[in-house]
Amino acid sequence: MKVDRRRWLGAIGALPLAACMSSRESGFPATGWIGADPTIGHRLRTAPPDSQEAAERLATDVLIVGGGIGGLSAGWWLERAGLGDFLVAEIQPTAGGNARGGGNEISRFPLGAHYLPLPTRESFTLRRLLADLGALKGDPDGLRPRYEERLLCAAPQERLLRHGHWQEGVIPDAGLSKSEREEFSHFFALVGGYRNRSGTRKAFALPMACSRLDDEMRHLDTKTFGDWLRENGLTCAPLRWYVDYACRDDFGTPADAVSAWAGLHYFASRDGMAEGAANDVVLTAPEGNAWITEGLAQRLGPRVRCGWMVRRLTRTRSGFEASIDDVGSGRSIVCAAKAVIWAAPLFIAARVIEQLPDLARAHATQIDYAPWVMAQLTLESAPPERPGAERAWDNVVYGARSLGYVVATHQRLSAAQAPTVWTWYHALTGAPSPILRQQLLASTPEYWARFAIEELAPAYPELLPHVQRIDCIRHGHAMARPRPGFLTAPARHWFAQGVAGLQFAHADVSGFSVCEEAHARGVAAAERIAARLRGRMPDPSVIYSV
Ligand SMILES: Cc1cc2nc3c(=O)[nH]c(=O)nc-3n(C[C@H](O)[C@H](O)[C@H](O)COP(=O)(O)OP(=O)(O)OC[C@H]3O[C@@H](n4cnc5c(N)ncnc54)[C@H](O)[C@@H]3O)c2cc1C
């Protein structure tokens, strides 16, 4: 697609003049980039094929490419299936992918994913993983499992600033007119209708492949969520804001660009419960979901090889051969494997895997990834609050372009509000993703720090004196946007099934990015590989064809 680059850059670069001054001039807090270094991934673009003689040759049963939730879950499942001979190649210096954690002297904080909804009954392998990690006690298959207290988000969980007043929860239900209230009721009744449908399968389930995918449900994938809302007379501004917020939060994309199936899936699929907790409580920790990836990486031990960039993967007579660069030393490694689990983003698979069918390669290169930026605001004192509900874990400003902030120290028992770290999230929209990515790559952390301060200004007009420093994080390819047609795309189904000895375990296989999907794809891929190498049939309850 051709786009007028200058027009787009002009449109999205609009920040007040103050944002263009340097921090030295303005006494602005110190800023910097943290998190995954984009230049490491970009080496793949320029790496010449097999430029040097291999310094090391090794062999393993299974090579897992990518150490995010998908790849680490695959390793965890292989181990459970009795296959301990595997390696996880992770390009970055630490494993975890988009569920990594960071930290400073005040607190740990998320570098990506920040919460896990209570796992559904269909996510039974995830529940088992949480039991293995000590987070779930008792029967993992129960209706209401018991979760570790420190992970259940303490009340208040969410609040929303609207008309200068904080209200509890993020549904803008305070001060609605009668007709707006009716629209909200109608919306939740429609969502409830999908939730409560009887049948052998739920209309919308997590993992998504457990959903009932008949013609009626597939039809929802032919239109946008925005169209579906309009068709149902759901057009009032507060409801549209709420739905858009949810879509930007989960898909990095407003409702007008999201498949209606995906949008409804967000609202209708999450029905996990916990003993002694409200149903909408989430599992969280100061480091976000990194407690899961760190726990997994610890279990897999030295089999996780960080700083290993897989730059070429080719099929051989006996399996696969991977050319790997050790990013730190520059050494070249060749790894022979009987089978491969590809758990890195699919657009990279299109670059690295040599014998990918045309259909699959075309699909992988056409996935539209939403870029995101985050900012960690380290606060030495608490700024004054607007009236209304007290500070929650997740704090959202109605009408803002960004998604608000979560408080890293929220789960601490002490009621102290500062010092603390606020993690601010922003999904970039408003221009084609490649342009947004270009802007992100060219931008400075100070630009985004000022952007975050400006976005939070309706809630905190005097925030700056309380901020010690602001560290920003770039996610150029944060998450696949589930546009209409994503669900039924034949190539996505090809990735879901894989081919003999080569399976795909990234959240991209589901077409949208949440930790439950990444985990489920990791387990499915590992189960297929374990069955193949062990000469048995795969367990049908954990593998998917869609
Ligand atoms: C800002 C943000 C907030 C989010 N918030 C939430 C949330 O609150 N809850 C939730 O459920 N989900 C959330 N998500 C989505 C969630 O983080 C992802 O769905 C999940 O972490 C994806 O896991 P994955 O294993 O599929 O992929 P990834 O996390 O993308 O992992 C893939 C790994 O492959 C590595 N890799 C890439 N190329 C190579 C190569 N050539 N060689 C070796 N390794 C390679 C990468 O470095 C990466 O570590 C969020 C995502 C983002 C970006």
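Modeller: Start with helix α10. Its buried residues are Ala260, Trp261, Ala262, Gly263, Leu264, His265, Tyr266, Phe267 and Ala268. Keep in mind that this is a predicted model. Helix α10 covers residues 260-268, and nine of its nine residues are buried. What do those residues pack against? The buried residues of α10 pack against α6, α7 (215-219), α8 (225-231) and α9.

Two of these neighbours also meet each other. Two packed helices are described by the angle between their axes and the distance between the axes. Take helix α6, residues 178-195, and helix α9, residues 237-251. Their axes come within 8 Å and cross at roughly 40°. Angles under 35 degrees would count as roughly parallel, and 65 to 115 as roughly perpendicular. The two helices α6 and α9 are therefore oblique to each other. On the α6 side, the contact is made by Glu180, Glu183, Phe184, Phe187 and Phe188. On the α9 side, Pro238, Leu239, Tyr242 and Val243 take part. Sorted by class, the contact has seven nonpolar residues, two charged ones and no polar ones. An α-helix has 3.6 residues a turn, so residues three or four places apart point the same way. Look for that spacing when you trace the contact.

Now turn to the strands. Strands of a sheet pair through backbone hydrogen bonds, either parallel or antiparallel. Here, eight strands form an open sheet with mixed pairing. Read across, the order is β1-β20-β16-β19-β18-β17-β9-β10. Which strands stand at the edges? They are β1 (30-33) and β10 (165-168). Each has a single partner strand, so one side of each is left without a neighbour in the sheet. From one strand to the next, the twist averages 25°.

Helix α14, residues 433-442, packs on this sheet. It touches β1, β16 and β20. The direction of α14 makes about 30° with that of β16.

Tyr369, Pro371, Val373, Ala375, Leu377 and Leu379 point one way from β16. Ala370, Trp372, Met374, Gln376 and Thr378 point the other way. Strand β16 (residues 369-379) runs antiparallel to strand β20 (residues 467-480), and 10 bridges join them. In that pairing, tryptophan 372 stands opposite histidine 475 in β20. Alanine 370 has methionine 479 of β20 as its bridge partner. Strand β16 also pairs with β19 in the antiparallel sense, over eight bridges. There, tryptophan 372 stands opposite alanine 427 in β19.

Move along the sheet to strand β17, residues 394-397. Asp394 and Val396 point one way from β17, Asn395 and Val397 point the other way, and all are buried. Strand β9 (residues 158-162) runs parallel to β17, joined by four bridges. Leucine 160 has valine 396 in β17 as its bridge partner. Strand β18 (residues 405-407) pairs with β17 in the antiparallel sense over two bridges. Aspartate 394 stands opposite valine 406 in β18.

Leucine 413 is found in the loop between β18 and β19 (420-427). Is leucine 413 buried or exposed? The cut-off for exposed is over 50% relative accessible area. Leucine 413 has 87%, so it is exposed. It lies 307 residues along the chain from isoleucine 106, yet their C-alpha atoms are separated by 15 Å.

Strand β2 (residues 56-65) and β3 pair in the parallel sense over four bridges. Valine 62 stands opposite phenylalanine 86 in β3. Strand β3 covers residues 86-90, and five of its five residues are buried. Both faces of β3 are covered, with Phe86, Val88 and Glu90 on one side and Leu87 and Ala89 on the other.

Last, consider the confidence. The mean pLDDT of the chain is 94, and 94% of its residues reach 70 or more. Residues 1-22 have a pLDDT below 50. Beyond near neighbours in sequence, this stretch has 34 contacts in the model. Where pLDDT is low, the predicted coordinates should not be read in detail.

Definitions and conventions
Residues numbered from 1 in each chain as written. Predicted model: local features only at pLDDT ≥ 70, side-chain atom pairs only at ≥ 80, totals over all residues. Heavy atoms only, no water. Pairing = 2+ DSSP bridges. Axes fitted to C-alpha atoms, helices over the stretch in contact; angles between N-to-C directions. Contact = heavy atoms within 4.5 Å. Parallel < 35°, antiparallel > 145°, perpendicular 65-115°, else oblique. Nonpolar A, V, L, I, M, F, W, Y, C, P; charged D, E, K, R; others polar. pLDDT = per-residue confidence, 0-100. Buried < 20%, exposed > 50% of the residue type's maximum accessible area, 1.4 Å probe, protein only.
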